[in-house]
Amino acid sequence: MTDASLKAGLAAVEQRDWQNAYGLLSPLAEAGALSATDMEKLAEAAFWSNRVRESLRIRERAFATYDQGGDAVSAARAAGQLAWGYVMLGSYAVGGGWFAKVRRLLKDQPECREHGELAKSQAHIDIEQGDLESALNNARSAYAIGERIGDAGLRAAALNTQGSVLIRLGEVAEGTAAIDESMASAIAGELAPFTTASIYCTTISACQRIGD
């Protein structure tokens, strides 16, 4: 029964049937029958079914498993998602602590997607702190990593961030072109749910800024 529920729950995640995925996977998590990777998928299902704080608790369990097992890259991925989760809830100090974990975990790792995600995240932090030149450099760094490793989601998200920064710097034509290109990927359904949502959010903010 556990194997059937797990298979059905993971299939529901792939289909983005979040409520069903949560209902199938949550009992397995309580029974300790999920791997760290499957816990991350349950956390995503919890997030998209409006169980945000529970999704953070689940992801913290996944992080601990990765960290204790010495899987630094997977731990960094989970930590980065936790950082943004807490920032979205307004817990900026807690989010900052998780970003610090990401930096520590990736310090000696070969280049990977998580380095790009960290650079993109730092760009958004730079924007909030008013350091637009640093933000642009970090967004471009994230895009370059996406190019080197062939990650379409990272490229689109980094391009969207670049566009937002360029608009703030007064380069409206270049900025809107970058945002439009990233939106084409989002609208086409090519990207993961959270990447798609973040691109929509940043795009709406940029449009408000220029009255478009």
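Predicted model: local features only at pLDDT ≥ 70, side-chain atom pairs only at ≥ 80, totals over all residues.
On the H7 side, the contact is made by Arg113, Gly116, Glu117, Lys120, Ala123, His124 and Ile127. H9 contributes Gly153, Leu154, Ala157, Ala158, Thr161, Val165 and Arg168. Sorted by class, the residues of this contact are six nonpolar, four polar and four charged.

Next, the second pair. Helix H10, residues 172-187, packs against helix H11, residues 193-210, at an angle of about 150°, and the axes are 10 Å apart. Over 145 degrees counts as roughly antiparallel, so that is the description for H10 and H11. This crossing, of H10 and H11, is also left-handed. The residues making the contact include Val172, Thr176, Ile179 and Met183 of H10, and Ile199, Tyr200 and Ala206 of H11. What classes of residue does the contact of H10 with H11 have? Nine are nonpolar, four are polar, and none is charged.

Last, a single residue. Ser55 sits in helix H4, residues 52-68. Is Ser55 buried or exposed? Its relative accessible area is 4%, and the cut-off for buried is under 20%, so Ser55 is buried. A polar atom of the Ser55 side chain lies 2.5 Å from the backbone oxygen of Val52. Setting aside neighbours within four places in sequence, Ser55 is in contact with Ala43, Ala46 and Phe47.

Note on methods: Residues numbered from 1 in each chain as written. Heavy atoms only, no water. Contact = heavy atoms within 4.5 Å. Helix = DSSP H or I, 4+ residues; strand = E, 2+ residues; numbered from the N terminus. Nonpolar A, V, L, I, M, F, W, Y, C, P; charged D, E, K, R; others polar. Buried < 20%, exposed > 50% of the residue type's maximum accessible area, 1.4 Å probe, protein only. Polar contact = N/O pair within 3.5 Å; in protein donor to acceptor, adjacent residues only side chain to side chain. Axes fitted to C-alpha atoms, helices over the stretch in contact; angles between N-to-C directions. Parallel < 35°, antiparallel > 145°, perpendicular 65-115°, else oblique. Left-handed = near helix turned anticlockwise from the far one by under 90°.
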